[in-house]
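Below is a briefing on one protein model, grouped by topic. Please look at the sequence and the structure before reading on.

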Amino acid sequence: MQNYLELTKPRTETSSSLMQGVLEGLTDGVLILSQHGDWIYHNYYAHCICQQLTQGQPVLNQVPDVIWRNCLALIDSHDLYPNQPVVIESEITLSRSKVYRIRVRWLTLEDSQHPYLMVLLEDRSQSLQNQALAEAMLYELTPRQAEVWLLYRAGFSYQQIADELYITLNTVKRHLKDARIKQKMAIAPAFEALA
C-alpha cells in the first residue's frame, strides 16, 4: 500500500505547476510581497510594469514607491479592520496610453505563518483593447469596422481615427454607425431572454 503523502505529492506538484502557469499567463501583473517589501513572486508583466513605473531604472526586486504606498496603506488598515477583507486600489497615469490600476490585498497561505501582500497590476489600455476585441467579435464587425471600433474604444476622436486609418471623417462616422447597429442586434436577444 502506498503512503498517503506519495499519492498526494504528484497532485500538489501538478497544482503548483498549474498555478504558476496560470499566473504567468495572465495579462495583469502579479506581485507577491512580504510585509517588509521583499519580492516573493512576480510574473513577467509585473516585472515589466514595475520597470515602467521606475522609468527604466533597474527594478532588482525593489518595489516602486507608488506601489509600496498602497501596500503600506493596506498594512495600516489591518489594525482598523482586522477581520474584514480590505482592498487598496489606485490608478497611475504615466501617459495617455500608459494607465495602470494597482490593487493590493492580503494573501494568506496554509503553510505560511504571516500573510503576504498580493499586488495586481492592470494595464488599463491593454484591458480596454481586449474588451474592444471581444466586442468586435461579438458584434461580428468587419475587419475595417473592428479597426475603427478599437480606436474609438481607446478614446480616439473621430478625427484622430480618420487620421490614423487614412480615411475620411464621414467614413469613420459610417463605420461607427454600422458598428452600433450590430451592437444593438447582438445585445437585443440577451435582453429579450431576460424578459
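Which residues does Gln145 touch, not counting residues up to four places away in sequence? Gln145 touches His175, Asp178 and Lys182, where contact means heavy atoms within 4.5 Å. This is a predicted model, in which local features need pLDDT of at least 70 and side-chain atom pairs count only at pLDDT 80 or more, while totals for chains, interfaces and linings use all residues. Residues are numbered from 1 along each chain as its sequence is written, and side-chain values use heavy atoms, with hydrogens and water left out.

**Overall make-up**

- The protein has 7 helices and 5 strands; helices (H or I, at least four residues) and strands (E, at least two) are DSSP runs, numbered from the N terminus.
- Along the sequence, these elements follow the pattern α-β-β-α-α-β-β-β-α-α-α-α.
- Of the 195 residues in the protein, 30% are buried; buried means under 20% relative accessible area, exposed over 50%, and partly exposed in between (1.4 Å probe, protein chains only).
- Among the contacts with a separation of 6 or more, 41% are made by residues 24 or more positions apart.

**Helix H3 and what covers it**

- Helix H3 (residues 65-80) has 16 residues and spans 23 Å from its first C-alpha to its last, close to the 22 Å expected at 1.5 Å a residue; the expected span is 1.5 Å times one less than the number of residues.
- The buried residues of H3 are Ile67, Asn70, Cys71, Leu74 and Ser77.
- These buried residues line one face of H3, because they fall within an arc of 120° when seen down the helix axis; the arc is that of the directions from the axis to the C-beta atoms.
- On the face of H3 turned away from its buried side are the exposed residues Asp65, Arg69, Asp76, Asp79 and Leu80.
- The cover over the buried residues of H3 includes strand E1 (29-33), helix H2 (44-53), strand E3 (88-95), strand E4 (98-107) and strand E5 (116-123).
- Val30 lies in strand E1 and is buried, with a relative accessible area of 1%.
- Val30 and His47 are 17 residues apart in sequence, and their C-alpha atoms are 8.8 Å apart in space.

**Helices H4 and H5**

- The axes of helix H4 (residues 124-138) and helix H5 (residues 143-153) come within 9 Å and cross at roughly 145°; axes are lines fitted to C-alpha atoms, for helices over the stretch in contact, and angles run from 0 to 180 degrees between N-to-C directions.
- H4 contributes Leu128, Gln129, Gln131, Ala132, Leu133, Glu135 and Ala136 to the contact, and H5 contributes Ala146, Trp149, Leu150 and Arg153.
- Gln145 is also placed in helix H5, and Gln145 is buried, with a relative accessible area of 6%.

**Positive phi in loops**

- Most residues other than glycine have a negative phi.
- Glu140, in the loop between H4 and H5, has a positive phi near 55° and is exposed, with a relative accessible area of 64%.
- Tyr166 also has a positive phi, near 55°, and its place is in the loop between helix H6 (158-165) and helix H7 (169-194).
- Tyr166 is exposed, with a relative accessible area of 76%.
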